[in-house]
Amino acid sequence: MANPLYDTLFGRHLGSAKPFLRLADGATLSYSDFLAMASRIAHVLVECGLEPGDRVAVQVEKSPEALALYAAAAQAGIVFLPLNTAYTTDELSYFVEDSGAKLLICDSAKQGALTPMMDRLGGRIETLNADGSGSLSDLAQAKPSEFAPVARDEGDLAAFLYTSGTTGRSKGAMLTQKNLLSNALTLAEHWRFTADDVLLHALPIFHTHGLFVATNVTLAAGGSMIFLPKFDLDRIIELLPQATAMMGVPTFYTRLLDDPRFTRDLAQHMRLFISGSAPLLADTHIAFEERTGHRILERYGMTETNMNTSNPYEGERRAGTVGFPLPGVELKITDPGSGETLPVGEVGQIEVRGPNVFKGYWQMPEKTAAELREDGFFITGDLGQIDADGYVTIVGRNKDLIISGGYNIYPKEIELVLDEQPGVLESAVIGVPHPDFGETVLGVLVAEKGQTPDLDAIDKAVKQSLARFKHPRQLIVVDELPRNTMGKVQKNILRERYKDAFQPAEG
Ligand code: MLC
Ligand code: AMP
């Protein structure tokens with residue numbers, strides 16, 4: 001096949017009048033119109049000087065054009081690099097510079113702030129706004145609605161997704177066409193997606209879940225998506241009766257359960273609810289079934305691996321577990337010290353191997369070697385166990401990571417900013433339970449001798465450097481941090497101490 005990713009997911013729908021996207025305002029976009037939009041954008045990418053293998057960095061609001069940009073990149077053999085809209089200019093500069101992206105596409109409102117950086121790097125900026133306007137669309141308008149897909153091999157790179165690390169320096173996970181395609185085809189079959197499906201899509205499209213899982217699965221099946229700009233409870237409740245399936249992070253489901261309008265009747269015709277990106281509490285799973293009669297299907301994945309495991313479509317969807325390894329994916333539980341496989345039932349680190357596992361971190365051979373073994377097994381950093389029936393349960397993390405509303409936050413990145421602030425000697429950032437986001441960020445500070453850190457000024461500095469979802473929701477000043485005999489900060493003690501900081505008061 002000339003371009004496996006484009007041909008299999010997109011190209012085979014050419015000429016189809018079937019609706020692909022149903023938008024919030026009721027308008028629909030057919031497959032044919034969507035693919036014409038993508039082809040026009042592909043011409044613009046080429047005109048901007050991008051060649052196969054080059055990166056295009058994209059920080060834009062969710063829109064049909066934003067999704068068409070992904071299709072266009074696949075079609076032109078360009079590596080797609082989507083970025084969270086919450087990232088600050090500081091964060092964005094790192095991603096663009098590290099990836100060597102020659103073209104950055106951003107909202108017009110951010111163009112002024114980002115132009116000096118792009119000028120310094122010798123790259124180009126085009127704009128795309130939430131309503132589809134901007135210089136990208138202006139340029140695309142005059143272009144032909146057909147574009148011959150650039151020949152690609154399934155081992156060629158299709159996307160870079162940046163993921164933070166325990167050292168505070170983000171790593172570009174290199175995903176090949178095969179990584180994306182194999183997972184999309186496996187999931188579409190495993191979850192029984194067909195051309196009759198209508199997926200309620202309220203996830204962002206700059207991460208694995210909304211972009212590769214939700215979108216690629218729909219494309220692979222030839223279904224449609226109700227494409228909402230973001231999770232909006234009122235819209236979800238209004239539109240749910242038109243959908244057959246929904247994918248979300250646990251916060252979606254807890255928010256739905258908190259709303260009395262979310263009833264058994266409203267969900268009656270739905271075929272499937274899928275959850276992932278963060279742990280779904282067994283209580284939520286049970287409450288959801290009691291309310292709707294549906295058992296949420298929980299699955300487990302990562303930026304580096306796409307999806308690894310899933311509860312069964314038919315058969316028992318077991319609360320608190322992430323199901324079985326997907327077809328083609330090998331999963332083992334190993335001893336973190338020796339790397340030896342552990343017996344059934346024992347807790348160890350989760351390692352996975354398969355066509356879904358990424359190629360490595362961009363220009364970080366040591367980090368790649370530390371996490372991706374020579375035999376192809378990737379050390380996920382998650383701790384888990386497999387029970388006698390084969391169900392995998394995630395019991396914790398071997399990495400210092402907070403997951404808030406489905407977004408990953410590495411404490412180190414925040415600690416580096418806090419430690420630099422006047423009056424701060426050192427800091428420890430932890431995740432504590434949060435009723436809406438599952439976990440949230442709390443910062444514990446130790447003051448320099450005789451000083452009182454200005455918490456408002458610290459808040460401002462954090463805001464300048466880091467995306468909103470990473471901001472500590474509370475800063476606490478203490479005399480000293482608990483340490484073990486080796487001098488390592490005992491975050492488990494801090495997590496225990498502040499575990500109720502965001503819990504609703506009882507009674
Ligand atoms: C928004 N805010 C968050 C946040 N999302 N803060 C912490 N964590 C989050 N996840 C900020 C807002 O900027 C706002 O700031 C305040 O918190 C309250 O916002 P909100 O209006 O309540 O939030 P909302 O916009 O409704 O967003 C919440 C959400 C969203 C859960 C719907 O975060 C979301 O769509 N999450 C999905 C993330 C996702 O796709 N993850 C997949 C990663 S891929 P202020 O200033 O107003 O207080 C992956 C692999 C895999 O993990 O397995 O899938
Ligand atoms: P990311 O790096 O954003 O792709 O996030 C991947 C991480 O999210 C995994 O390593 C897990 O820690 C977590 N994760 C994803 N799905 C689940 C799930 N169903 N249950 C628990 N944790 C999950």
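A polar contact is a pair of N or O atoms within 3.5 Å; within protein, one atom must be able to donate a hydrogen and the other to accept it, and residues adjacent in sequence count only if both atoms are side-chain atoms. The model is predicted: local features need pLDDT of at least 70, side-chain atom pairs count only at pLDDT 80 or more, and totals for chains, interfaces and linings use all residues. Side-chain values use heavy atoms, without hydrogens and water.

Ligand 2 makes such contacts with several residues. One of its nitrogen atoms is 3.1 Å from a polar backbone atom of Ser277. A nitrogen atom of ligand 2 also lies 2.9 Å from an N or O atom in the side chain of Glu298. An oxygen atom of ligand 2 is 2.8 Å from a polar side-chain atom of Lys399. On its own, ligand 2 has 500 Å² of accessible area, and the protein covers 91% of it. Accessible areas come from the Shrake-Rupley method with a 1.4 Å probe; for residues, only the protein chains shown count as cover.

There are 16 residues around ligand 2, a residue being near if one of its heavy atoms lies within 4 Å. Arg299, Thr303, Asp382, Lys399 and Asn408 come nearest. The shell divides into 7 nonpolar, 4 polar and 5 charged residues. Here Ala, Val, Leu, Ile, Met, Phe, Trp, Tyr, Cys and Pro count as nonpolar, Asp, Glu, Lys and Arg as charged, and the others, Gly among them, as polar. Strand β13 gives the largest share of this shell, 5 residues. Helices (H or I, at least four residues) and strands (E, at least two) are DSSP runs, numbered from the N terminus.

Ligand 1 has 24 residues around it, with Arg255, Ser277, Arg299, Ser404 and Arg468 nearest. A polar side-chain atom of Arg299 lies 2.7 Å from an oxygen atom of ligand 1. For Lys230, the distance to an oxygen atom of this ligand is 3.0 Å, again from a polar side-chain atom. Arg473 places a polar side-chain atom 3.1 Å from a nitrogen atom of ligand 1. Ligand 1 exposes 1000 Å² when taken alone, and the protein buries 74% of that. Elements α8 (208–221), α10 (250–257) and β13 (297–302) each give two or more residues to the shell.

Strand β20 belongs to an open sheet of 4 strands, ordered β16-β17-β19-β20 with antiparallel pairing; two strands pair if DSSP finds at least two bridges between them. The edge strands are β16 (330–334) and β20 (392–397). Strand β19 (residues 378–386) pairs with β20 over 5 bridges. Leu383 stands opposite Gly396 in β20.

Note on methods:
Residues numbered from 1 in each chain as written. Chains lettered and ligands numbered in written order.
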